[in-house]
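Dear colleague,

Please find below the structure that I am handing over to you, together with its sequence. My findings follow, arranged by topic.

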Amino acid sequence: MLDVTCGLIVVGVIMSYMGAQRSLRWWYRQHSIRLHHEAEAIRNDLLQRLFVMRRSLESGQPEAIQQSISQVDHLYESLHGLSDRLSAFDLEDDLGLALHHLVEAWRDRWHSQAKTQNLDFTAELPKTAIHLPIEQHRLTLVATDEFLRITAANLLTPQVIFVSLSFNSHTYELKVKVDDPQVNKLQGSDDLKHLTQALRFLSGGQCSCHSHDESLTWQFRSTLTKSQRQGQ
């Protein structure tokens with residue numbers, strides 16, 4: 001009987017390890033795809049615009065110089081957005097503020113689509129600054145962004161998206177609630193399952209999702225280690 005129990009435990013450990021391995025490969029693939037898209041945008045847009053600007057400035061024509069000035073404005077906005085996507089400017093200072101900017105960007109993205117004009121997209125974030133180790137900030141921000149990407153890929157017209165963040169000296173908790181008649185599509189998403197498992201493994205915390213009627217809640221909770229608290 002003991003041998004059978006030990007065998008089942010070993011099988012369970014192996015299955016858990018294989019599941020974590022698949023989820024971490026998924027996490028790395030998503031990260032690689034995002035970096036590839038950023039590089040393509042730089043090559044196909046920003047670098048091309050810089051080449052045109054150089055030719056225009058070399059011509060010395062007043063009209064060409066004015067066009068170059070307009071191109072500089074576009075380049076500035078594009079580079080500003082790129083720097084925020086690579087590392088939000090307030091990421092090291094305040095997790096709540098960084099999440100606020102992420103929510104604002106996603107709200108604008110959703111509302112730019114005609115079918116989502118009635119979406120209620122809100123957030124409840126701490127009014128005081130949250131200073132966590134930079135790796136905790138980045139992990140939380142990237143995971144939230146990934147969850148919203150998965151939501152956008154599976155749901156065309158969500159009715160409510162609500163993001164909340166709570167924090168005390170030892171733990172912090174992030175929740176995202178989505179209301180949609182077809183929320184089962186999100187619940188059954190392989191990407192969401194991989195995100196949840198990868199986040200558990202990378203953070204050492206708890207990550208889960210559950211649905212009720214037409215609502216799904218995705219929840220992430222992490223306990224800071226002593227060294228992480230001291231590094232705040």
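**The sheet and its pairings**

Strands E3 and E5 pair in the antiparallel sense, and nine bridges link them. Please note that the model is a predicted one.

Two of the pairs may be followed in the model: serine 208 has glutamine 219 of E5 as its bridge partner, and cysteine 209 stands opposite tryptophan 218 of E5. E4 and E5 form a hairpin with two residues between them. In that turn, aspartate 213 has a positive phi of about 55°.

These pairings belong to an open sheet of five strands, with the order E1-E2-E3-E5-E4 and mixed pairing. Which strands stand at the edges? They are E1 (120–124) and E4 (206–212); each has a single partner strand, so one side of each is left without a neighbour in the sheet. From one strand to the next, the twist averages 10°. As for burial, E5 is mostly covered, since seven of its nine residues are buried.

**Helices on the sheet**

Helix H3 (residues 95–111) lies across E1, E2 (160–167) and E3 (171–179), and runs at about 180° to E1. Helix H6 also packs on the sheet, where it touches E4 and E5. The direction of H6 makes about 15° with that of E5.

**Serine 203**

Serine 203 lies in H6, which spans residues 190–203. Is this serine buried or exposed? Its relative accessible area is 14%, and because buried means under 20%, serine 203 counts as buried. The side chain of serine 203 reaches two backbone atoms: the oxygen of leucine 199 at 2.6 Å, and the nitrogen of glycine 205 at 3.0 Å. Leaving aside residues up to four places away in sequence, serine 203 touches Leu139, Phe220 and Ser222.

**The cysteines**

How many disulfides does a search of the whole structure find? The search finds zero. A disulfide is a covalent bond between the sulfur atoms of two cysteines. For cysteine 207, the closest cysteine sulfur is that of cysteine 209, at 7.5 Å. A disulfide requires the two sulfur atoms to be within 2.5 Å, so this pair is too far apart for a bond. Cysteine 209 is likewise in no disulfide, with the sulfur of cysteine 207 as its nearest.

The surroundings of the two residues may also be set side by side. Cysteine 207 is buried, with a relative accessible area of 2%, whereas cysteine 209 counts as partly exposed at 26%.

**The chain as a whole**

The chain contains seven helices and five strands. Along the sequence they follow the pattern α-α-α-β-α-β-β-α-α-β-β-α. The chain has 232 residues, of which 34% count as buried. It exposes about 14,100 Å², and carbon and sulfur atoms supply 56% of that area. Among contacts between residues at least 6 apart in sequence, 69% join residues at least 24 apart.

Yours sincerely

Definitions and conventions
Residues numbered from 1 in each chain as written. Predicted model: local features only at pLDDT ≥ 70, side-chain atom pairs only at ≥ 80, totals over all residues. Heavy atoms only, no water. Buried < 20%, exposed > 50% of the residue type's maximum accessible area, 1.4 Å probe, protein only. Helix = DSSP H or I, 4+ residues; strand = E, 2+ residues; numbered from the N terminus. Polar contact = N/O pair within 3.5 Å; in protein donor to acceptor, adjacent residues only side chain to side chain. Contact = heavy atoms within 4.5 Å. Pairing = 2+ DSSP bridges. Axes fitted to C-alpha atoms, helices over the stretch in contact; angles between N-to-C directions. Areas by Shrake-Rupley, 256 points an atom, 1.4 Å probe, with all protein chains shown as cover.
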